Amino acid sequence: MANGNGKSVIRQVVAIGIGAAIFVALTTVQIPVGIVPNTALQVRAAVLAFFAAVFGPAAGFAIGLIGHALGDALFYGSVWWSWVFPDALFGLVIGLFAKKYVIEEGGFGTKQALLFNGVQIAANVIAWVLAAPILDILIYKEPANKVFVQGITAAITNLIIVAILGTLLAFGYSKIKTKSSSLKEEE
């Protein structure tokens, strides 16, 4: 049985499980920004972007939702839903362009890296500059000036880590796929 991306449902479920587990494990791996409370440079954003770029929007959405919710629950004792949903949205948006990145096919090059980074910048703005602050205000009655500063800071830190680590993960995985395909052809 295959989904819309031609990948098996089992492969999608496994990717979601592995991606969410890595996302949870990386929840506490962060470098605090310092000047803005509750914001940090988070490696898990790059992992989410990478999984979404390889496995598509459903995987990106599920990994963001499950990974963030479990990470919050396990490490902080409660789930901050106004930041869980934006992570899911972030994964969804990046995953919508998975076929165009051609990572699985071993074709992730400069053109695809530029597209990936353009999309991740837009996804960060949608998720963190718009969705997270609005949800903070609606759900938790947080002050607007505080949450928009946090959201903008989160967007900037995420786009930096995704641009560096996410792009490197995509290039590396694509090269592995290229070598794997070459070896299969030689057999």
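Helices H4 and H6 pack with their axes 8 Å apart and at an angle of about 155°; axes are lines fitted to C-alpha atoms, for helices over the stretch in contact, and angles run from 0 to 180 degrees between N-to-C directions. H4 and H6 are therefore roughly antiparallel to each other, a term for angles over 145 degrees. By class, their contact (heavy atoms within 4.5 Å) has 19 nonpolar, 3 polar and 2 charged residues. Here Ala, Val, Leu, Ile, Met, Phe, Trp, Tyr, Cys and Pro count as nonpolar, Asp, Glu, Lys and Arg as charged, and the others, Gly among them, as polar. Helices are DSSP runs of H or I with at least four residues, and strands are runs of E with at least two, numbered from the N terminus.

The model is predicted: local features need pLDDT of at least 70 and side-chain atom pairs count only at pLDDT 80 or more, while totals for chains, interfaces and linings use all residues. Residues are numbered from 1 along each chain as its sequence is written, and side-chain values use heavy atoms, with hydrogens and water left out.

The axes of H1 (residues 9–25) and H2 cross at roughly 170° and come within 10 Å. H1 and H2 are therefore also roughly antiparallel to each other. Among the residues in this contact are Ile18 and Phe23 of H1 and Leu48 and Phe51 of H2. The contact of H1 with H2 comprises 8 nonpolar, 2 polar and 2 charged residues.

How values were computed
Parallel < 35°, antiparallel > 145°, perpendicular 65-115°, else oblique.
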